[in-house]
Amino acid sequence: MSETIFSKIIRKEIPADIVFENEHVLAFKDINPKAPVHVLIIPKVEIPTITNINGKEHSELLGQLFDAANSIAKEMGVDSEGFRLVINCGKNGGQEVYHLHMHLLGGRPMNWPPG
Ligand code: AMP
């Protein structure tokens, strides 16, 4: 699968409102936010979607994505009230950008079931 707009954001070829970055993970504000806090957390390595994840190969990276989520939630003040992490997978999952990403949504109560 070819690279996505997120690769360009990683290489800083197009702007993004970056809120977290380390060697393996980047996080930036969603351009079309669905909640007062809406951040996308992505691995810098290109993994298109959940079905491309291999536990053995990616376990450390997955831990880093969750560490980043916790750190961002705290930084943005949504850790105590709670927040939602969403990873859309494929057509029925509503995935639009095929570079694995976690949505961190917070700042308002979330509905269940999701749409
Ligand atoms: P998904 O539907 O899970 O693939 O989510 C893709 C998300 O990427 C959507 O919420 C878009 O609003 C967001 N998005 C697309 N392009 C950009 C961009 N250039 N900067 C920030 N967010 C983006």
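Is glutamate 21 buried, exposed or partly exposed, and what is its relative accessible area? In this predicted model, glutamate 21 turns out to be partly exposed, with a relative accessible area of 37%. Its salt-bridge partner is lysine 44, and the N and O atoms of the two side chains sit 2.8 Å apart. The two residues come from distant parts of the chain: glutamate 21 belongs to strand E1, while lysine 44 is in the loop that runs between strand E3 (37-43) and helix H2 (55-75), 23 residues away. Lysine 44 has a relative accessibility of 24%, so it counts as partly exposed as well.

That pair is part of a set of five salt bridges in the structure. Another one joins lysine 29 to aspartate 17, with 3.8 Å between the closest N and O atoms. Here lysine 29 is in strand E2 (residues 25-29) and aspartate 17 is in the loop between helix H1 (5-10) and strand E1 (18-21), so this bridge ties together parts twelve residues apart in sequence. As for how open these two side chains are, lysine 29 is partly exposed at 40% relative accessibility, and aspartate 17 is partly exposed at 43%.

Then there is the pair made by arginine 11 and glutamate 13, whose side chains meet in a salt bridge at 2.7 Å, N to O. Arginine 11 comes out at 42% relative accessibility, so it counts as partly exposed; glutamate 13, at 48%, is also partly exposed.

Note on methods: Residues are numbered from 1 along each chain as its sequence is written. This is a predicted model: local features need pLDDT of at least 70, side-chain atom pairs count only at pLDDT 80 or more; totals for chains, interfaces and linings use all residues. Side-chain values use heavy atoms; hydrogens and water are left out. A salt bridge is a side-chain nitrogen of Lys or Arg within 4 Å of a carboxyl oxygen of Asp or Glu. Buried means under 20% relative accessible area, exposed over 50%, partly exposed in between (1.4 Å probe, protein chains only). Helices (H or I, at least four residues) and strands (E, at least two) are DSSP runs, numbered from the N terminus.
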